[in-house]
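Reader: I've got a new model open and I'd like to learn how to read it. Can you walk me through a few features?

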Amino acid sequence: MRSGTVTLVDTLKQKTESHIISASMSFGVSNHLSLSASVPLIINRSVNKSLDRTQTNFGDLSVTAQLFFGTRLFSKPVNGQVALGATFPVGGGVTNVMTDERNFASGTVDPIASLIIAAGISPGWILTGKFFARQVVASSSNNQRTGNHYSYVLETNYAPLGRSYTANLGMLAVSRSQDEISGSLFPNSGGSWIYAIAGGSKTLVGDGESAIRLWTEFQLPVYINVTDVQLTEKWNLRFGLSTGISIFGHDEQNKKPDIFTVPGTRN
């Protein structure tokens, strides 16, 4: 637990853990344009001295259009993705361990955008920059307004051609503005986080879009500055399995690398 950058004694012994299962669908309009939709199922457990509560609910539906492009810079390949879209409330999200008044799903239609630039450094090595923004423009029906969310990633990826694994090492910065309730700022919300990140993926079975991949990422906070009093992480470990099902058969030779499918966002 922290206030600003100062660590506080957690007398209530509070803890929260979340498991997120995300389902997504993409449709390739052309080699340079695709449409995607995804929705997360959130399973959250909140624990303190007097509470042990598990909640399960859907988060917001994200719908985006992605434009892929490529060029060369100093004779090196540079590829990118620009995505524009919006989130739509389809579930109630989960409530904060501190109070039932805060809800992590916005309850409104919010514009989102992301940009990913990947530059080849040498065979197998890629320098990647990522940006994601969720701009909240309205209040929900119960007069709550979620804070805007921005994240930035700079990382080095090792993705050797023809191999079944990738690895990445970099930094993640997150900025989140304060939430509002009935026009007033919710005090225990908002802040800035910087993480050192390391991760990778491994193909277990199959190839192409239908391959089953194990992925993991470790996040170690190196700087945290939160507004008022909030629970903060000592470290994060994210892992999971990913796969895809192609409803309509097509040639996968132009399939984009995994670095374009994982923007590194955080809610």
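Predicted model: local features only at pLDDT ≥ 70, side-chain atom pairs only at ≥ 80, totals over all residues.

Reader: Which elements give two or more residues to the nonpolar patch?

Author: Those are β4 (33-48), β6 (61-73), β7 (76-88) and β8 (110-122).

Reader: Let me pick Val82. Why does Val82 count as partly exposed?

Author: The partly exposed class runs between the buried limit, under 20% relative accessible area, and the exposed limit, over 50%. Val82 sits in strand β7 and has 32% relative accessibility, so it counts as partly exposed.

Reader: And Ser106, buried or exposed?

Author: Buried, because its relative accessibility is 3%. You'll find Ser106 in the loop between β7 and β8.

Reader: What do the side chains of Ser106 and Asp110 form?

Author: A polar contact of 2.7 Å. The Ser106 side chain also has a polar contact with that of Asp60, at 3.2 Å. Leaving out residues up to four places away in sequence, Ser106 touches Asp60, Arg134, Ser140, Gln144 and Thr146.

Reader: Now confidence. What is the mean pLDDT of the protein?

Author: The mean is 86, with 88% of the residues at 70 or more.

Reader: Where does pLDDT stay under 50?

Author: One such stretch is residues 252-257, with 8 contacts beyond four places in sequence in the model. Another is residues 261-267, where the model has 16 such contacts.

Technical notes: Residues numbered from 1 in each chain as written. Heavy atoms only, no water. Helix = DSSP H or I, 4+ residues; strand = E, 2+ residues; numbered from the N terminus. Buried < 20%, exposed > 50% of the residue type's maximum accessible area, 1.4 Å probe, protein only. pLDDT = per-residue confidence, 0-100. Contact = heavy atoms within 4.5 Å. Polar contact = N/O pair within 3.5 Å; in protein donor to acceptor, adjacent residues only side chain to side chain.
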